[in-house]
Structure formats: C-alpha cells, structure tokens
Amino acid sequence: MAVTEDRKYTKEFVYNLLEGIKGKTLGEVDKSHQFNRTKKSKKITGIAGDVIEQSVFGYKRDAKQECDIEIDGLLTELKTTGVRVPKSALYRAKGKSGKKYNIFLGAKEGISITGVTFDPTIQTDFTTSHFWEKSERLLIVFYEYKSYEVVPASEYANFPIIDYCYNTFSEDERNQLRNDWEIVRDYLLKIYNEYSDVEERNSHLIGFTHILRPNLLLIELVPGFKRKKSGSYQKPRYRLKQTFVDYLVRGHFNKSRIKSEVSLKQPFSSFSELDARCHDLTIRFKGKTFAQLKKELALEVGFSNKDFGAQCILKMFDATCTRLNQISDFNKVGIIAKTITTTPEGGRTEDMKLCHIDFEEWADKDVDFVESEVYTYFCEHSFLFPIFCEHDSKDTSQTTFEGFKRFAFDNSFIEKEVKRTWKDSRYLIHNNKLEWEYKLDKQGNMRRNKSGSYMGAPNFPKSKDYIVFFRGGENDSREKARSVVINGVHMLPQYIWLKGSFIADKLKSLNYL
C-alpha cells in the first residue's frame with residue numbers, strides 16, 4: 001500500500017505544521033471552508049477531521065481502506081479526536097491554563113479506525129490486515145470539545161486545537177489488539193464456512209457485534225450489523241474503545257500519571273487469559289480466611305480496614321498500588337474491579353455506584369440512546385468481582401476468600417433496563433415533570449437529616465422500581481451542597497447506580513472463574 005506524492009511528508013514538516021496551529025480554533029485554520037457546509041446541515045460527522053485533513057494538510061478526504069499519509073517513509077494514519085475535562089474534575093482545573101490545565105483532559109469518545117472487512121480470504125493475518133495497517137502508527141490531533149452538550153457542526157469552529165501526538169502501541173497493547181482482531185476474524189470465518197448463501201450468511205451475522213463485545217479488550221464494533229429498511233446491511237467499523245483512548249490521552253497530557261497508576265507485572269492479552277489467571281489464584285487461595293491471607297500475603301493492614309479484601313487481591317496480583325482502580329491494565333479495557341462480601345447464603349450485596357450523570361446530554365432531545373455516554377459506559381465496561389464470604393460479623397478475621405466472577409452487560413440488559421431509565425428520566429426533564437419529593441415521618445411531617453436539612457430527593461428513577469437508578473453520590477447532605485439545578489429543582493450531583501439485589505442474583509447465576 002502506498003500514498004500519492006502529495007501525502008508524503010517529513011517529520012520536520014509535520015512538526016512545524018502542527019506546532020503552527022496549536023492554540024488556534026478549527027475555524028481559524030479552515031482554509032478549505034469546511035464550515036460553509038454547516039449552513040445547510042447542522043450535523044456533519046467528522047467535520048473536525050475534514051478541517052485537519054483538507055485545510056491543514058491540504059489533501060482531499062477519501063473512504064479508501066488505506067493509510068492517510070506517509071511520514072519519513074512510514075505509512076501513518078491521521079486521526080482527529082475531541083478531548084475535554086470531565087465534569088468531576090472541573091473544580092480542579094478551574095483557573096488553570098496550559099499544561100497545568102491539560103493534565104485534566106480526557107477522551108470525549110473512541111477513535112474509529114476502519115471498516116470491518118467481510119471477505120475472510122484476504123483478511124486472515126493480523127499484520128497485513130487493514131485494521132493493523134491503519135492503527136500501527138497514528139498521528140492524533142487533539143481539539144478541545146468545549147461543551148458538555150451535543151452541539152451543531154458549526155460550533156466546532158470555536159473549538160481550539162490543543163496538541164498532537166505520534167502514537168505507536170506497546171508490545172502488550174499490540175498483543176491485545178491482535179487478539180481482539182482475531183476474535184472477529186475467527187467468528188466471521190466460521191459463518192462464511194458454514195453458509196455459502198449470502199442472504200443466509202447475513203441473517204446469521206445480525207447482532208454478531210453484540211455477541212463479541214464482552215470478549216473484546218481494546219476495540220469495539222460499531223454500529224451493529226443489521227438489515228436496513230432499504231434491504232442493504234449496516235456494517236460495523238473497528239473503533240478503539242473510549243476507555244482505551246482515554247488512557248492514551250491521559251498518558252499524553254499527564255506524564256506523571258505513572259505515579260498513580262500501576263501496570264500488572266504479568267499483563268493479559270485477552271479476557272480468557274485474565275480468567276485463567278483468576279482461576280489459578282482461586283485454586284491457590286480459595287477458602288482461606290482473612291487471618292490466613294494476612295500471614296501468607298504479608299499484609300500490614302488490619303482486618304478492621306474496610307479495604308482489607310482489596311489489599312488481599314492487590315497482593316495476589318502482585319500489584320504495587322493501594323487501590324484496585326489504580327491498575328492501568330484494568331482501566332484501559334474498562335474493567336471495574338470491586339470486592340464483594342456476601343453471607344454464606346449469597347445475600348447482602350450493596351447497591352453499586354457507577355458513573356456521574358451529565359444532565360446536559362440527558363436534557364438534549366436530539367441525543368439518541370445509542371450515541372449517549374451512558375450507553376457507551378455500559379457497553380465498554382465489565383466487572384471483575386473478587387468474592388469474600390463473611391461467616392461471623394463480629395470476627396472479620398474468619399471471612400474467607402471464595403474466588404472471582406466476571407460479567408459484562410449484555411445487549412438485552414442495556415436495551416431494556418438502561419434504556420428504560422434513560423427514557424423515563426428524560427421524560428421527566430423534557431415534560432417539566434421533575435419535582436422534589438420530601439421524606440415524611442409517620443405523622444406526615446418532613447424529616448430532617450443530621451445536618452438539619454429536610455430529607456428528600458428528585459423524583460428520578462429509584463431503586464424501588466428500577467435496576468439502574470439515580471442517587472446522589474456526595475457525603476455532604478446539606479441544602480447548600482445541592483449544586484445541580486434541573487428545571488428549577490436543586491439537588492446533589494447525581495450518579496447512576498446498580499441495584500444490589502440484581503448484582504446478588506447475577507453473581508448467583510455465574511460460576512467462579
């Protein structure tokens with residue numbers, strides 16, 4: 001594969017070119033007048049990339065499965081992606097600028113690489129695949145998406161170009177990408193070998209992206225493979241997960257991240273490898289009490305520490321950090337590792353706090369569910385649960401380690417439970433039905449909490465009726481802490497939670513790894 005002469009550059013040229021546009025907005029560098037198109041259309045997918053390709057580098061956009069440019073003789077794919085400060089970090093970024101501000105930037109979305117090739121005869125080797133040819137070397141230009149709601153394409157003209165990076169993947173990441181790609185290849189090969197008739201084959205491919213999703217570490221397949229009204233089929237593309245792109249973005253802007261994140265000494269290239277390792281740890285430590293684990297793992301923390309179980313798991317994985325969420329190998333593939341303590345009967349699992357709610361998106365009537373952040377969150381994240389069993393609530397030293405369980409949210413759960421919460425809460429916002437509900441005592445009087453404030457919450461979906469529900473996630477219950485205002489209703493910052501009984505039932509249905 002080769003590029004035309006007008007797409008061949010030197011590193012020095014690229015460096016000077018991109019250094020010259022840093023700090024400028026996309027509109028300021030738009031020499032090819034891409035934003036003129038927004039006068040006729042509010043939504044133009046990829047307009048930021050069009051500006052960088054056609055106005056900055058000066059070549060026309062095309063849909064070929066080939067690398068965009070060549071830098072010093074090396075084929076390179078040019079990508080443009082949005083970054084922004086997560087709302088949870090805004091208070092820390094406030095008043096800062098330059099590098100001190102940029103360290104708080106994270107990925108707004110994943111990065112699309114190329115279309116999935118549906119011809120196995122030419123896509124059997126990873127190293128020569130279109131996917132690897134277009135992802136082996138990435139030149140990524142970052143612009144700041146300075147909004148927390150969906151904006152029309154014309155607004156992109158005001159977004160500043162922040163920086164750029166030349167990305168190559170580590171050997172471990174390459175192995176993970178290879179394994180993901182081979183999972184897709186093997187599935188397609190099986191279908192092609194079984195069904196020679198095109199229509200029959202396509203009917204068996206419908207929904208395959210959802211089937212493979214729980215097994216893919218770093219990539220996702222979007223959109224889903226389905227039959228359109230026209231009779232043709234919507235085909236997916238390979239996209240680097242937002243969790244992985246976020247890991248890359250934070251590593252670029254925050255060089256000191258290594259101080260707070262730790263890589264496993266024994267990385268895994270697939271979920272099956274992780275499962276096997278968890279299985280080996282279960283064989284070694286299953287049934288051992290906290291007292292035995294403390295001695296065998298040489299732990300210095302006491303049993304009364306609420307994180308004692310997590311400290312045991314960190315030692316089992318030989319991870320040199322203090323919290324499970326500091327393990328970078330888990331973070332970049334979207335694994336949420338949480339210890340669970342149950343009774344011998346498998347009960348008493350607490351509700352689980354998941355992610356902060358961006359109300360600007362939920363209030364936007366034009367946002368489709370499949371394009372929402374909450375949909376992406378449930379698609380890209382999975383759980384790894386180390387399970388402990390408490391036999392005596394008064395003597396935690398006798399709590400035993402039982403093993404590991406892992407699960408990902410299947411498509412039916414996302415389409416039923418997550419979407420139900422999404423639709424019902426948006427209905428309250430869009431139809432001005434949102435209101436504050438006070439908690440009353442038996443006499444019908446409003447109850448007060450310890451801070452003296454009246455107890456209550458907005459009438460968003462609650463755990464009583466929903467598996468996926470809303471709840472405040474702050475420790476401060478005073479009225480002045482209700483910093484979020486929706487339709488005139490003051491509330492604490494809200495989070496998505498997962499019902500504890502659902503988790504308990506789910507765990508009972510799963511075998512230990």
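Figure 1. Among the 77 residues of the largest nonpolar core, Met 316 and Phe 330 touch the most other members. A nonpolar core is a set of buried Ala, Val, Leu, Ile, Met, Phe, Trp, Tyr and Cys residues joined through side-chain atoms within 4.5 Å. Buried means under 20% relative accessible area, exposed means over 50%, and partly exposed lies in between (1.4 Å probe, protein chains only). With neighbours within four places in sequence left aside, Met 316 is in contact (heavy atoms within 4.5 Å) with Leu 281, Phe 285, Leu 293, Leu 297, Phe 401 and Phe 404. In soluble globular proteins, nonpolar side chains tend to be buried together.

The structure is a predicted model, in which local features need pLDDT of at least 70 and side-chain atom pairs count only at pLDDT 80 or more, while totals for chains, interfaces and linings use all residues. Residues are numbered from 1 along each chain as its sequence is written, and side-chain values use heavy atoms, with hydrogens and water left out.

Figure 2. Strand 11 comprises residues 237-240; helices (H or I, at least four residues) and strands (E, at least two) are DSSP runs, numbered from the N terminus. Strand 5 (residues 111-115) runs antiparallel to strand 11 and is joined to it by four bridges, and Thr 114 has Tyr 238 as its bridge partner. Strand 8 (residues 219-222) also pairs with strand 11 in the antiparallel sense, over four bridges; here Val 222 has Arg 237 as its bridge partner. Two strands pair if DSSP finds at least two bridges between them.

**Figure 3. The cis peptide bond at Pro 223.** Val 222 and Pro 223 are joined by a cis peptide bond, with omega about -10°. Pro 223 lies in the loop between strand 8 and strand 9 (226-227), and this residue counts as partly exposed because its relative accessibility is 35%. Residues up to four places away in sequence not being counted, Pro 223 touches Thr 209, Gln 234, Lys 235, Pro 236 and Arg 237. The C-alpha atoms of Pro 223 and Tyr 238 are separated by 9.3 Å, although the two residues are 15 residues apart along the chain.

**Figure 4. His 252 in helix 9.** His 252 is part of helix 9 (residues 242-253). This histidine counts as buried because its relative accessibility is 16%. Not counting residues up to four places away in sequence, His 252 touches Phe 142, Asp 163, Tyr 164 and Cys 165.

**Figure 5. Two loop residues with positive phi.** Asp 72, a residue other than glycine, has a positive phi near 50°. Asp 72 is found in the loop between strand 2 (69-71) and strand 3 (74-84) and is partly exposed, with a relative accessible area of 45%. Ala 298 is likewise not a glycine, and its phi is positive, at about 55°. Ala 298 lies in the loop between helix 11 (290-296) and helix 12 (308-316); with a relative accessible area of 53%, Ala 298 is exposed.
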